Amino acid sequence: MSALSTTPRRWLALGAVAAGTAGWVLHAVAVSIGAPFGVLGVLGLLALVAGWIAGRALIGDIAERRVSEVDEYELQQRQSARSAGYVAALGALLVLFVVLTAAVRMAERGHPDLLDRAPSLAFVAFLLVAAGPTLLLTWRLRDRPGDDEGVGGT
């Protein structure tokens, strides 16, 4: 698939990834300012969930299907996304460890604000690890045969 593909399915995929990524960033910002379930945080969660669900629908949920039900390209994509998810999980855990260590040290010195946000920070890390592989698969979505019919023959 070309990076410049203009099929309707590709545009939907890009929209799903943009919504999911923007939603995650909005929620992370809301957590960082101490309002994870304020308007900004809830809008971020809604955008992330919408992008995540749309991405799963667009990729045909290949992560949940048996190996015998996916073609070779989809199997390679799934394995690539799992590897990326693993790296994202390790990175998120490392960042969470550093932040929580700093939060505990700050709380010991009379500044518990960061420690109070620890559950929300853990949730932000979880969202990254949970939605990341789906959004990656959606981003790398290939065109199906006949997807460009009626769109100008790209």
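The following paragraphs go through a predicted model, from the whole chain to single residues.

Residues are numbered from 1 along each chain as its sequence is written, and side-chain values use heavy atoms, with hydrogens and water left out. Because the model is predicted, local features need pLDDT of at least 70 and side-chain atom pairs count only at pLDDT 80 or more, while totals for chains, interfaces and linings use all residues.

The protein chain has five helices and zero strands, where helices (H or I, at least four residues) and strands (E, at least two) are DSSP runs numbered from the N terminus. Along the sequence the pattern reads α-α-α-α-α. Of the 154 residues in the protein chain, 29% are buried; buried means under 20% relative accessible area, exposed over 50%, and partly exposed in between (1.4 Å probe, protein chains only). The protein chain exposes about 9,100 Å², of which carbon and sulfur atoms supply 68%. Such areas come from the Shrake-Rupley method with a 1.4 Å probe, and for residues only the protein chains shown count as cover. Among contacts with a separation of 6 or more, 72% link residues 24 or more positions apart, a contact being heavy atoms within 4.5 Å.

The packing of H2 against H5 comes next. Helix H2 covers residues 39-58, and helix H5 covers residues 118-139. Their axes lie 9 Å apart at an angle of about 35 degrees. Axes here are lines fitted to C-alpha atoms, for helices over the stretch in contact, and angles run from 0 to 180 degrees between N-to-C directions. H2 passes H5 in a left-handed crossing, in which the near helix is turned anticlockwise from the far one by less than a right angle; clockwise would be right-handed. On the H2 side the contact includes Leu45, Leu48, Trp52 and Gly55, and on the H5 side Phe123, Leu127, Thr134 and Thr138 are among the partners. The residues of this contact divide into nine nonpolar, four polar and one charged. In this count Ala, Val, Leu, Ile, Met, Phe, Trp, Tyr, Cys and Pro are nonpolar, Asp, Glu, Lys and Arg are charged, and the others, Gly among them, are polar.

Gly55, in helix H2, counts as buried because its relative accessibility is 0%. Leaving aside neighbours within four places in sequence, Gly55 is in contact with Ala16, Thr134 and Thr138. Its C-alpha atom is separated by 8.6 Å from that of Trp139, 84 residues away along the chain.

Nonpolar side chains tend to be buried together in soluble globular proteins. Here the largest nonpolar core has nine residues: Ala13, Ala16, Leu58, Ile59, Ile62, Val70, Ala81, Leu137 and Leu141. A nonpolar core is a set of buried Ala, Val, Leu, Ile, Met, Phe, Trp, Tyr and Cys residues joined through side-chain atoms within 4.5 Å. A second, separate core of six residues includes Leu45, Leu48, Trp52 and Leu127. Ile59, a member of the largest core, is in contact with Arg65, Thr134, Leu137, Thr138 and Leu141, neighbours within four places in sequence aside.

Arg65 is found in the loop between helix H2 and helix H3 (72-108). Arg65 is partly exposed because its relative accessible area is 26%. Beyond four places in sequence, Arg65 touches Ile59, Gly60, Val70, Glu74 and Arg78.

Two further helix residues complete the tour. Ala125 is in helix H5 and, with a relative accessible area of 14%, is buried. Not counting residues up to four places away in sequence, Ala125 touches Ala92 and Leu96; the C-alpha atoms of Ala125 and Leu96 are separated by 7.3 Å. Leu100 is in helix H3 and counts as partly exposed at 29% relative accessibility. Leu100 and Leu114 are 14 residues apart in sequence and 8.0 Å apart in space, C-alpha to C-alpha.
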